[in-house]
Amino acid sequence: MRIVIAPASTKAAAATIRSLLSLAKEDIQIKGYYRNLSRVPAEFQSSPRFQAVEGTIEDASSLDFAGCDAVLTITPPSFSGRDLVSHAKEISENVKAAVEKAGSVKRLVLLSSVGAEHDTGVGEIKSNNMAERVFAETPIPELIFVRCVYFMENWTFFLDTLHGPEPHVISTITPVDFNVPMVAVQDVGSTLASELVKESAPPSKPFVFELHGPKMYSPLDVQSCFSKAVGQDVAMKPVEKHELHNFYARLFPPEIVDDWVEMATSFLPGGIIAVDKVNWDEKEIVRGKTELCQVIESAVQNRQQG
């Protein structure tokens, strides 16, 4: 079985490749696309079952899926300042064209996002809505859209705040006792790998499900995990809803700040995809096993060892 991962450089893609290589199936061959081959992890380069290829989903001419049976594609966020939806449409159509040209692909798995059923009111998640709409028209037997919830690893982006006289964690989720679904990248990778190699056909086309962790967590749970991991009390510094624009303005180009603010508020209390607005009876949910504290403790340990 030949599997394409495009792009292969994201954390979720790397976790998927790692899970595929761990399977006791010698017939699985993986082809991963990288904009820069220097980003290929050494652990993948050493495997005879993995092939790294220079190419990008932004350039249709660099994609060749001939002879491949399954494809995993991911719509990474764009930080260039260009329109998020038009960019998602372009790169999705590039992958769709490569799938159709190959003629051998039977299954396409898309890493999407919770809230991707909405085309307004969800900010950056609109890019996933567009990707789903493009790929829904792909004329192959099996389409699987995996809508992931908030990544637990998002909390580990700003580990520098744990140092100094006032170690703290920043939370854009408020109030800090508000529970939201979260999932670990490790579980994302194992789930995507499972869907790529599954022998049975999905029950529908496209088959859509949400991927959650074992339970919901609040920022207070995050604070507790960090305090345990560093061995001292860690403060929680919430970014209130009215402060989100200034917060994201320090991180992103001005053209996309409003999209990130809208996404952040969409799952807060009263938001369009907030847990108190969801009809859970309508959701197909798969759960990972990794607990929040496991992810945080691992990130802190790796930072200390690095």
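The stops that follow each name a selection and then describe what is found there.

**Before starting**

This is a predicted model, in which local features need pLDDT of at least 70 and side-chain atom pairs count only at pLDDT 80 or more, while totals for chains, interfaces and linings use all residues. Residues are numbered from 1 along each chain as its sequence is written, and side-chain values use heavy atoms, with hydrogens and water left out.

**Stop 1: the whole chain**

The chain has nine helices and 13 strands; helices (H or I, at least four residues) and strands (E, at least two) are DSSP runs, numbered from the N terminus. Its radius of gyration is 19 Å, close to the 19 Å that the globule rule gives for 306 residues, so the chain is as compact as a globular protein of that length. The radius is taken over C-alpha atoms, and the rule is 2.2 Å times the number of residues to the power 0.38. Along the principal axes, the C-alpha atoms fill a box of roughly 55 × 40 × 40 Å.

Now switch to a surface. Of the 306 residues, 52% count as buried, where buried means under 20% relative accessible area, exposed over 50%, and partly exposed in between (1.4 Å probe, protein chains only). Among contacts (heavy atoms within 4.5 Å) with a separation of 6 or more, 76% come from residues 24 or more positions apart.

**Stop 2: helix α8**

Select residues 254-266, which form helix α8. At 1.5 Å a residue, these 13 residues should span 18 Å, and the end C-alpha atoms are 19 Å apart, which agrees; the expected span is 1.5 Å times one less than the number of residues. Which residues of α8 are buried? They are I256, V257, D259, W260, V261, M263, A264 and S266. These buried residues pack against α3 (84-102), α4 (126-135) and α7 (244-249).

**Stop 3**

Move to L84, which is found in helix α3. L84 counts as buried because its relative accessibility is 6%. Not counting residues up to four places away in sequence, L84 touches S78, E124, S127, I256 and D259. Draw a distance from L84 to I256: the two are 172 residues apart along the chain, yet their C-alpha atoms are separated by 7.8 Å.

Next select H87, whose place is also in α3. Is H87 buried or exposed? At 5% relative accessibility, H87 counts as buried. With residues up to four places away in sequence left out, H87 touches E58, S78 and R82.

**Stop 4: helix α6 and the glycine after it**

Select residues 219-230, helix α6. This helix has twelve residues and reaches 17 Å from its first C-alpha to its last, close to the 16 Å expected at 1.5 Å a residue. Its buried residues are P219, V222, C225, F226 and S227, and their cover includes β8, β9, β12 (235-238) and α9 (292-305). G231 follows α6 and has a positive phi, near 80 degrees.

**Stop 5**

Select E195 in helix α5 (residues 185-197). E195 counts as buried, at 7% relative accessibility. Leaving aside neighbours within four places in sequence, E195 is in contact with R107, V109, I144 and F209.

Then select G213, in the loop between β10 (207-212) and β11 (216-217). G213 has 0% relative accessibility and therefore counts as buried. Beyond its neighbours within four places in sequence, G213 is in contact with M182, V183, R287 and G288.

**Stop 6: two cis peptide bonds**

Most peptide bonds are trans. Select A6 and P7, which are joined by a cis peptide bond with omega about 0 degrees; P7 is found in the loop between β1 (2-6) and α1 (11-22). Finally, select T174 and P175, joined by a cis peptide bond with omega about -5 degrees. P175 lies in the loop between β8 (168-171) and β9 (180-183).
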